[in-house]
Amino acid sequence: MSLLAQLKKDSLLARKAADSARVTLLSTLIGEAEMVGKNAGNRESTDDEVQQTIRKFLKNNQEALGVIKDAERRAALEQESTILTAYLPPMASEEEVKAFIAGTVAGLADRSPKQMGVVMGALKAKFGTSFDAKQANAWVKEALG
């Protein structure tokens, strides 16, 4: 079952359970995720595109949590973040990513910052989108000297 189909199924279950917060969040998410596929050639969105949309929603929630002071709204945002996170694959651990970076850098003939793209490309090939690219970027810079 595709991730989009799972979201639709869960949205229907939330409607039946009268869980208005989950229904609103999932309906909005489904609409955004479907739009990506439709804009890219009137097709259904892939799981990767749906995951990118979920990550976008999570990022927006994290930014909002940084500025919102109202406890009730913060609780709602944290609940939304928990719901969204459940649909993402587990992220690679810091140890896994650092170990892979160290192994990749050790195998390089030239260990200069010019090799940044090679190492980041290898990370993307190995972990896909299940690692924190921003943090990994800093670790790669550190490893390359």
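Reader: How many helices and strands are in the protein chain?
Author: Seven helices and zero strands. Bear in mind that this is a predicted model.

Reader: And how do the elements run from the N terminus on?
Author: They run α-α-α-α-α-α-α.

Reader: What box do the C-alpha atoms fill?
Author: Roughly 60 × 40 × 25 Å, taken along the principal axes.

Reader: What percentage of the residues count as buried?
Author: 34% of the 145 residues.

Reader: What about contacts between residues 24 or more positions apart?
Author: Those residues account for 57% of the contacts with a separation of 6 or more.

Reader: On to packing. Which residues have the most contacts inside the largest nonpolar core?
Author: L7, L29, V50, I54, L84 and Y87. The core has 16 residues.

Reader: Which helices each supply at least two residues of this core?
Author: Four of them do: α1 (3-16), α2 (20-39), α3 (47-67) and α4 (71-85). The largest share, five residues, comes from α2.

Reader: Let's take I54. What is I54 in contact with, beyond its neighbours in sequence?
Author: L3, L29, L84, Y87 and L88. That leaves aside neighbours within four places in sequence.

Reader: What other core lies apart from that one?
Author: Another core, of 15 residues, lies apart from the largest one. I101, L123, F127 and L144 are among its residues.

Reader: Switching to helix pairs. At what angle do α5 and α7 cross?
Author: Roughly 35 degrees. The axes of α5 (residues 94-106) and α7 (residues 133-144) come within 10 Å.

Reader: Is the crossing left-handed or right-handed?
Author: The crossing of α5 and α7 is right-handed.

Reader: Which residues meet there?
Author: From α5, E94, V97, K98, I101 and V105. They meet A136, W139, V140, A143 and L144 in α7.

Reader: How far apart are E142 and P113 in space?
Author: 9.3 Å, C-alpha to C-alpha. In sequence they are 29 residues apart.

Reader: Now α3, where Q51 lies. Is Q51 buried or exposed?
Author: Buried, at 13% relative accessibility.

Reader: What does Q51 touch?
Author: L3, L88, P89 and T129, not counting residues up to four places away in sequence.

Reader: N61 is also found in α3. Buried or exposed?
Author: N61 is buried, with a relative accessible area of 8%.

Reader: Which residues does N61 touch?
Author: L77, E80, S81 and L84, again not counting residues up to four places away in sequence. N61 and A76 are 9.9 Å apart in space, C-alpha to C-alpha, and 15 residues apart in sequence.

Reader: Where is A18?
Author: In the loop between α1 and α2. At 64% relative accessibility, A18 counts as exposed.

Reader: And phi of N42, what is that?
Author: Near 50 degrees, a positive value for a residue other than glycine. N42 is found in the loop between α2 and α3.

Reader: Is N42 buried or exposed?
Author: N42 is exposed, because its relative accessible area is 66% and the cut-off is over 50%.

Reader: Good, that's what I needed.

Conventions:
Residues numbered from 1 in each chain as written. Predicted model: local features only at pLDDT ≥ 70, side-chain atom pairs only at ≥ 80, totals over all residues. Heavy atoms only, no water. Axes fitted to C-alpha atoms, helices over the stretch in contact; angles between N-to-C directions. Helix = DSSP H or I, 4+ residues; strand = E, 2+ residues; numbered from the N terminus. Left-handed = near helix turned anticlockwise from the far one by under 90°. Contact = heavy atoms within 4.5 Å. Core = buried A, V, L, I, M, F, W, Y, C linked by side-chain atoms within 4.5 Å. Buried < 20%, exposed > 50% of the residue type's maximum accessible area, 1.4 Å probe, protein only.
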